[in-house]
Amino acid sequence: QFPFGRRLPCDIYWHGVSFHDNNIFSGQVNKFPGMMETVRKITLSRAMRTMQDLFPHEYNFYPRSWILPEELPLFVSEVRRMKDSDPSWKPTFIVKPDGGCQGDGIYLIKDPSDIRLTGNIQSRPAVVQEYICKPLLVDKLKFDIRLYVLLKSLEPLEIYIAKDGLSRFCTEPYQEPSLKNLHQVFMHLTNYSLNIHSGNFIHSDSVNTGSKRTFSSILCRLSSRGADVKKLWSDIISLVIKTIIALTPELKVYYQSDIPAGKPGPTCFQILGFDILLMKNLKPMLLEVNANPSMRIEHEQELSPGVFEIVPSPVDEEVKVAVIRDTLRLVDPQKKKRKDTHFDTFFPASYHVIYNIEKKNDLQGPSQANPSVVLSCRCQSLEQMLEANEELPDAGSAVRPELDTPKNPEAALPSLCLKQVFPKYAKQFSYLRLVDRVAALFIRFLGVKGTTKLGPTGFRTFIRNCKLSNSNFSMAAVDILYIDITRRWNSMGIDHKESGNPGMCLQAFVEAFFCLAQRKYKSLPLHEQVESLIEFCECHLAALHGKRLVWGCG
Ligand code: ADP
């Protein structure tokens, strides 16, 4: 609690809904600035589209989506084209209002002409998405998975996934969508908030029956049927990492605007709720990301008509308490101090491991080795030990006896339910972080701290410093590009922190950057065009920075 009038800073601030800067200059806040805006349906769809343009194969876990109203003509023409090329394709689409939650305003359609244009589509933008018609069923029911993900830090990127989640069930047996059943929400929508009102909802004290179960209970069941559960987990981890990679560029723009680098400010972390649907073939598909997943551990039960009682929900409790407890363990400021001491204790043993690794790989001996290499090996070997420990049912004392002291309150706690996946798997995914690098260029030229939009002068400086203008691409053409793209993005009426500011937002800059990349490196695939242009810009900026340093010295 932060009583009104308190002056002393806190270690951890746990905000209810979003990041708000109550003059916080230190400590850690449980929300990132701009997270709510970044994971809204439209913004998420845009970020995923950008990544799908760059890496179509890697991002095929997000259903094809269009943004309404601006992409209605595109939606109509693309669906017509696909139907013409494959007459057997009988799609269904799901329309979801932007900013909606709990299934609010969602409906299914068979044809683009069924979009409800009456009412206020202009004032309520939406996403229309390909409906996944063949979900995996359990007990003939459709269900989705809510997974909790901790974004522990943005720079450097640190992601943890909870080892267990929730499975939320529909309450009517599933049938593939047809004109007859399109409106049956208890069959098609898995939202707890909707299905609780169906007479068929089953509250259960057990984690593997009823309308809300643990995800691990589903995995057990799948495993007993011979499914490759390990592969499923690794697909889910990959989906989570890729999604966060798609979100980080926008988050970084918000972050530098609310917490400018070099000034005292807090660091942030956030628990996110990932909603995932499993297809019949066990492929996980992302439905949405929730910035404020419900952490309730009880539910209402109707004792008699109109009389409700609040009762504990063992399934929610099992999953959510562990997530919050372990988030606090991971961000615990005291832990860092303990870990440092712990690290020193481990150093000689780890060093021995490195030495062996290096010898085995025929590298130079540890005394001549590059210190950064030695350090990373050392961290890895420590992590391997912790990882081994993590798998033990009773963690702590068996492998880390020195932790089992009264000084260490963690010794009495169960093993962590949060598994680090990034930077652990950074190597496999780093090549996807192209938009992150474009965002770094954008932020560099924003100029005035506290803004999220680039002015025309900033854009010109970017072009000039990166030497992107030449006889074929004059500064007048640069201005036209800026005006065209910026005007279009600002006319979309996006719910943005600075919607009144006429400048260029990150997504508009990314579009301009892709245009420039396509002009300059025509023959390459898009991701190579973009990567080449990033390298070109970074190189020129580094040279410029070098020159400035030399001049500064002179
Ligand atoms: P909300 O934020 O309103 O809950 P969601 O995007 O989570 O919106 O969608 C609500 C429900 O609709 C999901 O829980 C899922 O059951 C179903 N759903 C959403 N998108 C799809 C889709 N593309 N294919 C199949 N079912 C979907």
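Analyst: A residue is called buried when its relative accessible area is under 20%, exposed when it is over 50%, and partly exposed in between (1.4 Å probe, protein chains only). The model is predicted, so local features need pLDDT of at least 70 and side-chain atom pairs count only at pLDDT 80 or more, whereas totals for chains, interfaces and linings use all residues. Residues are numbered from 1 along each chain as its sequence is written, and side-chain values use heavy atoms, with hydrogens and water left out.

User: How many helices and strands does the chain have?

Analyst: Both kinds of element are DSSP runs numbered from the N terminus: helices are H or I runs of at least four residues, and strands are E runs of at least two. Under that definition, the chain has 16 helices and 17 strands.

User: What share of the 554 residues of the chain counts as buried?

Analyst: The chain exposes about 27,900 Å², of which carbon and sulfur atoms supply 56%; such areas come from the Shrake-Rupley method with a 1.4 Å probe, and for residues only the protein chains shown count as cover. Of the 554 residues, the share that counts as buried is 48%.

User: Is Asp-275 buried or exposed, and why?

Analyst: Asp-275 is placed in strand S13, which covers residues 270-278. Its relative accessibility is 7%, and the limit for the buried class is under 20%. Because of that 7%, Asp-275 counts as buried.

User: Which side chain is joined to that of Asp-275 by a polar contact of 3.0 Å?

Analyst: Contact in general means heavy atoms within 4.5 Å, and beyond four places in sequence Asp-275 touches residues including Asp-144, Arg-146, Met-285 and Asn-290. A polar contact is a pair of N or O atoms within 3.5 Å; within protein, one must be able to donate a hydrogen and the other to accept it, and residues adjacent in sequence count only if both atoms are side-chain atoms. At 3.0 Å, the polar partner of the Asp-275 side chain is Arg-168.

User: How far apart in sequence are the parts that Arg-168 and Asp-144 tie together?

Analyst: A salt bridge places a side-chain nitrogen of Lys or Arg within 4 Å of a carboxyl oxygen of Asp or Glu, and the side chains of Arg-168 and Asp-144 form one at 2.9 Å, N to O. Because Arg-168 lies in strand S10 (residues 166-169) and Asp-144 in strand S8, the parts tied together are apart in sequence by 24 residues.

User: Which elements hold Arg-437 and Glu-538?

Analyst: The side chains of Arg-437 and Glu-538 meet in a salt bridge of 2.9 Å, N to O. This pair links distant parts of the chain, 101 residues apart: Arg-437 is in helix H12 (residues 434-445) and Glu-538 in helix H16 (residues 526-553).

User: What is the relative accessible area of Glu-538, and which residues do salt bridges with shared partners join into one network?

Analyst: Glu-538 is partly exposed because its relative accessible area is 31%. Elsewhere, salt bridges that share partners build one network from Asp-144, Arg-146, Arg-168 and Asp-275.

User: How much of the accessible area that the ligand has on its own does the protein cover?

Analyst: A backbone N or O atom of Ile-132 lies 2.8 Å from a ligand nitrogen atom. An N or O atom in the side chain of Thr-190 is 2.6 Å from a ligand oxygen atom, and a polar side-chain atom of Asn-191 also lies 2.6 Å from an oxygen atom of the ligand. Of the 540 Å² that the ligand has on its own, the protein covers 98%.
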